[in-house]
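Work through the exercises below with the coordinates open. Try each task before reading its solution.

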Amino acid sequence: MSYLDAKVKYAALGIDTDAAIQKLQNIAVSMHCWQGDDVTGFDSKEALSGGIQTTGNYPGKATTPVELMADMDKALSLIGGNHRINLHACYAIFEDGEWADRDALEPKHFAKWVEYAKEKGLGIDFNPTFFSHPKASGLTLSSPDEEIRKFWVKHAICCIKIAEYFAKELNTFCTLNIWIPDGMKDIPADRLGPRARLKKSLDEIFATDFDREKVLVTLESKVFGIGLESYTVGSAEFYLTYAAKNSIMPLMDNGHYHPTEYVSDKIPTMLLFNDKIALHITRPVRWDSDHVVLLDDETKEMAKEIVKNDALDRVIMALDYFDASINRVAAWVVGMRNWQKALLSAMLTPWDKLKELQDSGDFTSLMVLSEAIKVYPFGDVWNEFLKRNNIPDDNAWYDIIKEYEKDVLLKRG
C-alpha cells in the first residue's frame, strides 16, 4: 500500500496523516550523550559507581569530545525531526590542561557543547553527576558527612548556573534533572535520617536564585540499584511529595519502578496534578538495566497516554539507556526512531471515537475498533515521514552505520 492509500484509509477514521507527520516533525526528544561512551565522561578516571553498570566491549567507543560529537551527529543524521541532546556534568570539556572538580564547574567548561548545539540547531538538557567520583563512594546529598553533603550541594548549584547558560545561549529551556544513587545494600537502621538530609540539601539547592522559566528542574526517583538493593533515599514517595510541595517537576524513568508497575498508567494521573512532567524512556529487563528502547508494548502505551491526553507540549521526553554490547551509534538510532514510531502510531489512533465508545458503555465496538486499528498501514505513514526528512527507511539506514563503523569506529585506538 502506498502513502496515498494509507492517507485515504486513515481519513475514513477522521485522522489527517499529513498533520500527524508535521506534528511528529516538531516533537523534540532529548538524545542522551552517555550511550556513546558507556557513561564514562571526560572529567574523571573513576570507575562507574552508584548502581550503574555497562556490559559489553563493542569496538569504537568514543573517548574524546570530538569523537562523541561526531558519533552523535551521525546518529542524528538518521533520525527525522528536530531534537535536543542530554548531557551529564561529567562531560565537561577542559582545555589547555585546566581541570575543575564538580563543585567548581563553570559554564566555560561546556562552551564546546554550546558551539556544537548552535551549529546543529539543538537544545541542551543537563544532569548533575552524583556518581563515579571519590566523594560518591557512599551517600551524596543525604550524607551524614557534612563536608561531602555540602560538596554535592555546591555541585548541584553549579549545574543550575550551567543550565541557565545553556538556556540563554540557545534561546530555549534547559531541563535540569537531579538523580542521586544514595541508598544501602542491606536493611538500614535509619530510614528517616538520610531523607531528612536529602530534603535539607534540596532546600539549599533551590534557595539559589535562578530563572525557573528557563531552567526546568526535575527530580527522578528509583526503586533500587546494584549495591542499593534494600533502601533508596530518593524514593518515588519522597520526590513526588517534595515536588508537589515545592513546585518542582517530577521525572519518571520507566525502569525505576517495581516490575509490575507501569509508567504508562501513572502518566494520566501525573498530568492531572502537574502542569508539566518529564520522562526518561528506557527498557528495563528484570530490573533497571537500561536496554535500548524497542517498539514494545510499554513504549507504545506511554506514547498513547501522552498523545490521547493532548499532552505533547506538557511532557518533556528524553531517552536513557546504554549498551556496550552493540554498535553504540546504531543503538541511538534504534531507540530514537522507535520512540518516534510509538508517538506516530498514537497520533494515528482515533482517540475521540474510542473514548466515546467507552463512555457510552459500548465495549464490544470499542474492542472491535481497537483491534482493527492494529493492522492499519502505519508503516506507510512512517516511511512518508522518513521520506520528507530525506533519511533512509528501516531497511537501509544500518548500511550507513556499518560504513561509518568500518571507516571511523574501527580505526579508533
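This is a predicted model: local features need pLDDT of at least 70, side-chain atom pairs count only at pLDDT 80 or more; totals for chains, interfaces and linings use all residues.

**Exercise 1. Overall shape**

Find which radius of gyration the protein chain has, and what a compact globule with 413 residues would have.

Solution. 
- Step 1. The rule for a compact globule with 413 residues gives a radius of gyration near 22 Å.
- Step 2. The protein chain has 22 Å, so the value agrees with the rule.
- Step 3. Along its principal axes, the C-alpha trace spans about 65 × 55 × 40 Å.
- Step 4. Buried residues make up 54% of the 413 residues.
- Step 5. The secondary structure comes to 14 helices and 12 strands.

**Exercise 2. Strand 1 and its partners**

Determine which strands pair with strand 1, and in which sense.

Solution. 
- Step 1. Strand 1 (residues 29-32) pairs with strand 12 (residues 315-319) in the parallel sense, over 2 bridges.
- Step 2. Here valine 29 stands opposite methionine 317.
- Step 3. Strand 1 also pairs with strand 2 in the parallel sense, over 3 bridges.
- Step 4. Here methionine 31 stands opposite isoleucine 85.
- Step 5. From strand 1 the chain crosses through helix 3 (residues 65-76) to strand 2, and this β-α-β crossover is right-handed.
- Step 6. Side chains in a regular strand alternate between the two faces of the sheet.
- Step 7. In strand 1, Val29 and Met31 point one way, Ser30 and His32 the other way, and all are buried.

**Exercise 3. Strand 3**

Work out how many residues of strand 3 are buried, and how many bridges join strand 2 to strand 3.

Solution. 
- Step 1. Strand 3 is mostly covered: 5 of its 5 residues are buried.
- Step 2. Gly123, Asp125 and Asn127 point one way, while Ile124 and Phe126 point the other way.
- Step 3. Strand 2 and strand 3 pair in the parallel sense over 5 bridges.
- Step 4. Isoleucine 85 has isoleucine 124 as its bridge partner in strand 3.
- Step 5. The path from strand 2 to strand 3 runs through helix 4, and this β-α-β crossover is right-handed.

**Exercise 4. Rings**

Classify the aromatic pair of phenylalanine 110 and phenylalanine 126: stacked or edge-to-face?

Solution. 
- Step 1. A search of the whole structure finds 15 aromatic pairs.
- Step 2. For phenylalanine 110 and phenylalanine 126, the distance is 5.1 Å centre to centre, with 80° between the planes.
- Step 3. Edge-to-face requires planes over 60 degrees apart, and this pair is edge-to-face.
- Step 4. Phenylalanine 110 lies in the loop between strand 2 (84-88) and helix 4 (111-120), and phenylalanine 126 in strand 3 (residues 123-127), so the pair ties together parts that are 16 residues apart in sequence.
- Step 5. Phenylalanine 110 is buried, at 0% relative accessibility. Phenylalanine 126 is buried too, at 0%.
- Step 6. Phe110, Phe126, Tyr165 and Phe166 form one aromatic cluster.
- Step 7. Now look for charges over rings. Lysine 9 lies over the face of tyrosine 376, at 4.6 Å from the ring centre. Arginine 84 lies over the face of phenylalanine 173, at 4.0 Å from the ring centre.

**Exercise 5. Cysteines**

Solution. 
- Step 1. A disulfide needs the two sulfur atoms within 2.5 Å.
- Step 2. Cysteine 90 is in no disulfide.
- Step 3. The count comes to 0 disulfides.
- Step 4. Cysteine 33 counts as buried at 0% relative accessibility. Cysteine 90 is buried at 2%.

Definitions and conventions:
Residues are numbered from 1 along each chain as its sequence is written. Side-chain values use heavy atoms; hydrogens and water are left out. Rings of Phe, Tyr and Trp (its six-membered ring) pair if their centres lie within 6.5 Å; planes under 30 degrees apart count as stacked, over 60 as edge-to-face and the rest as tilted. Helices (H or I, at least four residues) and strands (E, at least two) are DSSP runs, numbered from the N terminus. Buried means under 20% relative accessible area, exposed over 50%, partly exposed in between (1.4 Å probe, protein chains only). A charge sits over a ring if NZ of Lys or CZ of Arg is within 6 Å of the ring centre and within 35 degrees of the ring normal. Two strands pair if DSSP finds at least two bridges between them. A crossover is right-handed if, with the strands pointing away from the viewer, the path from the first strand over the helix to the second runs clockwise. The radius of gyration is taken over C-alpha atoms; the globule rule is 2.2 Å times the number of residues to the power 0.38.
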